[in-house]
Amino acid sequence: MTAGTATGYLPPMSRCGHIALAGRPNVGKSSLLNALVGGHLAIVSPKAQATRSPVTGLRTDGDVQYIFHDLPGLLQPEYLLHQRMRDAALAAIARVDLILHLHPAADAPAPELTALAGLPVPPRAPVLTVYTKADLVPPGRRAALAETGVPVSVEDPSSIDALLARVAPLLPEGPFEFPGDEMGTQPVRFFVTEFLREAAFTLLEEELPYAVVAEVEEFREERDPVYIRASLFVETASQKGIVIGHQGQMLKQIGTHARARIEELLGRKVYLDTWVKVLPKWRRSDELLARFGFPAPPSESR
């Protein structure tokens, strides 16, 4: 008989659950994910629609493990890639334990998530409205928003703690799914392509970043420095010229930006060998989208 049993003490039941960060494009989902996990996992850009694939981040505090999913923005599709992004977001919304519906505080109130997502019925999981960028509204307005949701600012750690306190009791009881010291679940190759895209969004102008997709072609972690060869694909020869830049300067800047993120993630030096190639109309091709991690939903694949 253990001492705990002798005194009638029962250890607290752990909680672990999947939480979707959902909402329109450019409402602060990726910035919030990074603040919640305490690291740079999701790419951040002032340009809308930077997130294409769900990014999963972990946070373990005591007896609670939070599994956050940063989803693509709920947008009206203009071409097939947009549809695949929306499909991925809706699939995640359907399977998580809790949905955080993010909406900028300055634009409150938030629309109904069911209508925004175009769902025939409300989602199975409970929905908690989170008002982002709350530092941009007056204190009185923040207090009013707290009556119907949770105002947060990535610049205010206390608001992040308040959000976690609201989320924890809404998660199901159960064992942790991941070791408590992990921050992400996806392979390093995934983050290499994401950080290359982040560099493209940061350094390239207008619509060009939306035509860029990255692919890791070689990854040798046993080398020192780690050797990574990756390609950036664009849709036209003129786009290729812009991405490379005069005497290769733009491509060099993109590689430098991405390499810094990768080295921070790995904690090691990295040699990033980056190339640019043309792949016409990849955003509208079922086959190419599947290659880059955007497969058709099962109902479309039959």
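I began at the end of α9, where Gly267 follows the helix with a positive phi near 70°; helices here are DSSP runs of H or I with at least four residues, strands are runs of E with at least two, and both are numbered from the N terminus. I note that this is a predicted model, in which local features need pLDDT of at least 70 and side-chain atom pairs count only at pLDDT 80 or more, while totals for chains, interfaces and linings use all residues. Residues are numbered from 1 along each chain as its sequence is written, and side-chain values use heavy atoms, with hydrogens and water left out.

I then checked the length of α9: its 18 residues should span 26 Å at 1.5 Å a residue, and the end C-alpha atoms are 25 Å apart, which agrees (the expected span is 1.5 Å times one less than the number of residues).

Next I looked up how α9 (residues 249-266) sits against α8 (residues 237-244), and found that their axes come within 5 Å and cross at roughly 65°; axes are lines fitted to C-alpha atoms, for helices over the stretch in contact, and angles run from 0 to 180 degrees between N-to-C directions. The two helices are therefore roughly perpendicular, a term for angles of 65 to 115 degrees. On the α8 side I listed Ile242, Val243 and Ile244, which meet Gln249, Met250, Leu251 and Ile254 of α9, contact being heavy atoms within 4.5 Å. I sorted the residues of this contact into six nonpolar, one polar and no charged (Ala, Val, Leu, Ile, Met, Phe, Trp, Tyr, Cys and Pro count as nonpolar, Asp, Glu, Lys and Arg as charged, the others, Gly among them, as polar).

Which residues of α9 are buried? I find Met250, Leu251, Ile254, Gly255, Ala258, Ile262, Glu263 and Leu266, buried meaning under 20% relative accessible area with a 1.4 Å probe, protein chains only. Their cover includes α7 (188-203), β8 (226-234), α8 and β9 (270-278).

I turned to the largest nonpolar core, which has 69 residues; such a core is a set of buried Ala, Val, Leu, Ile, Met, Phe, Trp, Tyr and Cys residues joined through side-chain atoms within 4.5 Å. Its largest share, eight residues, comes from α7.

Last, I examined Gly149, in the loop between α5 (139-145) and β6 (150-151), and recorded that Gly149 is buried at 2% relative accessible area. Beyond neighbours within four places in sequence, Gly149 is in contact with Thr129, Tyr131 and Arg166.

Key: Angles under 35 degrees count as roughly parallel, over 145 as roughly antiparallel, 65 to 115 as roughly perpendicular and the rest as oblique. Buried means under 20% relative accessible area, exposed over 50%, partly exposed in between (1.4 Å probe, protein chains only).
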